[in-house]
Amino acid sequence: MHDFNYIDGQLYCEKVKVKDISRQVRTPFYLYSYQTLVNHYRNFEKVLSGSEHLICYAYKANSNLALCKILAEEGSGADVVSGGELRKALQVGVPPWKIVFNGNGKTAEEMELALQSHILMFNVDSKPELLLLNQMAERTGNKARIALRVNPDIDPQTHPHIATGLKESKFGFEFSQVIEGYKLAQTLRNIEISGIHMHIGSQITKVEPFVEALRKIANLAAELGSLGIKIEYVNVGGGLGITYSDEKPPTLTDYAQSLIPIIKEIGAKGIFEPGRVLVGNAGILATKVLYVKETQNKKFVIVDAGMGDLFRPAFYAAYHEIKPLQQSIEKPSTTGYRSSTIVADIVGPICESGDFLAKDREIPQVKREDLLAVFSAGAYGFSMSSNYNSRLRPAEVLVKGDRFQVVRERETYEDLVRREKEQIN
Ligand code: LLP
């Protein structure tokens with residue numbers, strides 16, 4: 001569900017006509033809906049009510065401060081994977097006791113900052129990381145609360161680039177080494193065992209892989225219990241999929257009702273790290289048609305946003321719905337009004353053949369200066385953007401009701417060269 005709707009052929013975000021924003025902000029820009037974001041978060045909270053839980057929004061999906069602050073004010077915690085994300089969470093007022101630190105390459109400096117901030121826990125990815133964390137905790141005069149990230153070796157049935165719980169994945173403790181990892185943790189003076197963590201992948205559209213993985217975690221927790229190691233938190237990670245085209249992911253209710261009983265059986269509190277499901281459909285990317293180019297075999301719609309702005313199509317061949325901001329109504333037919341369509345590749349301006357937003361896509365006829373909306377772009381959109389080809393990253397705009405505000409200005413040439421030197425001394 002989202003608040004991007006057509007009214008009289010014009011795309012609105014909540015009560016604002018997107019075209020009106022484009023007049024002031026110019027394209028390309030990301031546009032987020034406050035109401036959609038808040039609804040998604042509240043729905044997630046609602047399905048978890050009745051169980052002890054903590055939602056830690058996965059900042060990597062979209063770490064614009066305005067969105068992070070909205071979620072913090074709603075009560076969300078944060079799943080962070082870098083010093084930058086940790087500082088953003090603290091800046092928007094997420095209480096440290098609601099912050100978990102993920103990632104397989106945490107640096108000593110990042111550990112120090114997190115320890116000094118007294119975050120809830122580190123999800124430790126490997127034995128050498130555990131040893132360094134113990135040292136850093138000693139050095140800062142703290143105890144580090146930890147969960148071990150377990151690789152449950154489950155096929156999440158998603159794109160290989162975003163599957164993270166398979167045996168060959170770089171993430172987490174191999175299943176057979178988890179108990180040994182906890183035994184080691186028990187011997188470390190500055191480590192306090194607090195939980196167990198899994199994250200099997202992203203854009204998962206079935207509930208079974210989550211259930212299968214969590215059952216394996218439950219067995220581990222029981223084994224740990226018999227060794228006198230108490231698990232206070234079970235962290236099930238993120239990964240719940242959304243609808244980009246015709247996927248039918250489990251509802252939040254299905255998801256929660258499948259997982260909560262297992263978490264309760266373990267006798268632990270649940271931690272959830274949703275990213276995409278909160279922000280994905282709360283955002284679009286607005287872009288303008290620069291040219292329509294026809295070759296003998298193909299049509300290309302060249303737009304002013306490319307892989308530097310939205311990397312997912314180029315990187316994962318990901319599908320994003322693309323529609324004009326203004327639906328043109330042309331020829332009357334027996335089934336009502338239909339506009340004529342073309343089949344085209346919608347491509348960006350970057351010097352790479354892989355720079356596309358859609359391939360062989362049927363879209364209404366478009367012409368130069370027409371505006372398009374790329375849907376479901378709120379997650380892993382801006383957060384994966386780059387300056388490739390020395391392009392300026394786009395603006396980000398937030399709509400709330402009938403108002404809109406730029407929450408990240410488009411970069412300028414000065415931003416682009418700020419840290420560069422023209423010559424060596
Ligand atoms: N927790 C951990 C430990 C993660 O690694 C991730 C995502 C999440 C939570 C949040 O997952 P979500 O609920 O958003 O699926 N760039 C890719 C997705 C990469 C996901 C990385 N980890 C994409 O654009 O599809």
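Which residue does Arg42 form a salt bridge with, and how far apart are the closest N and O atoms? Some notes on this predicted model follow.

1. The partner is Glu74, and the closest N and O atoms of the two residues are 2.8 Å apart. The cut-off for buried is under 20%.

2. On the whole-structure count, a search turns up 12 salt bridges. As background, side chains of opposite charge can pair when their charged atoms come close.

3. Have a look at Asp360 and Lys298 as well: their side chains meet in a salt bridge, 2.9 Å from N to O. Again the pair links distant parts of the chain, with Asp360 in strand S20 (residues 356-364) and Lys298 in the loop between strand S14 (283-294) and strand S15 (299-303), 62 residues apart. Asp360 is exposed, its relative accessible area being 51%, whereas Lys298 is partly exposed at 28%. Salt bridges with shared partners also bring in Asp345, so that Lys298, Asp345 and Asp360 make up one network.

4. Another pair to check is Asp370 with Lys367, whose side chains form a salt bridge at 3.1 Å, N to O. Lys367 counts as exposed, given its 54% relative accessibility.

5. Ser76 lies in the loop between H3 and strand S6 (77-80). Is Ser76 buried or exposed? Buried, because its relative accessible area is 1%, and the buried class covers anything under 20%. Leaving aside residues up to four places away in sequence, Ser76 touches Tyr41, Ile55, Cys56, Tyr57, Leu71, Val94 and Lys98.

6. Three strands make an open, antiparallel sheet in the order S1-S2-S3. Strand S1 (4-7) and strand S3 (16-17) are at the edges, each with a single partner strand, so one side of each has no neighbour in the sheet. S1 pairs with strand S2 (residues 10-13) in the antiparallel sense over four bridges. If you want a residue to start from, take Tyr6, whose bridge partner in S2 is Leu11.

Key
Residues are numbered from 1 along each chain as its sequence is written. This is a predicted model: local features need pLDDT of at least 70, side-chain atom pairs count only at pLDDT 80 or more; totals for chains, interfaces and linings use all residues. Side-chain values use heavy atoms; hydrogens and water are left out. A salt bridge is a side-chain nitrogen of Lys or Arg within 4 Å of a carboxyl oxygen of Asp or Glu. Helices (H or I, at least four residues) and strands (E, at least two) are DSSP runs, numbered from the N terminus. Buried means under 20% relative accessible area, exposed over 50%, partly exposed in between (1.4 Å probe, protein chains only). Contact means heavy atoms within 4.5 Å. Two strands pair if DSSP finds at least two bridges between them.
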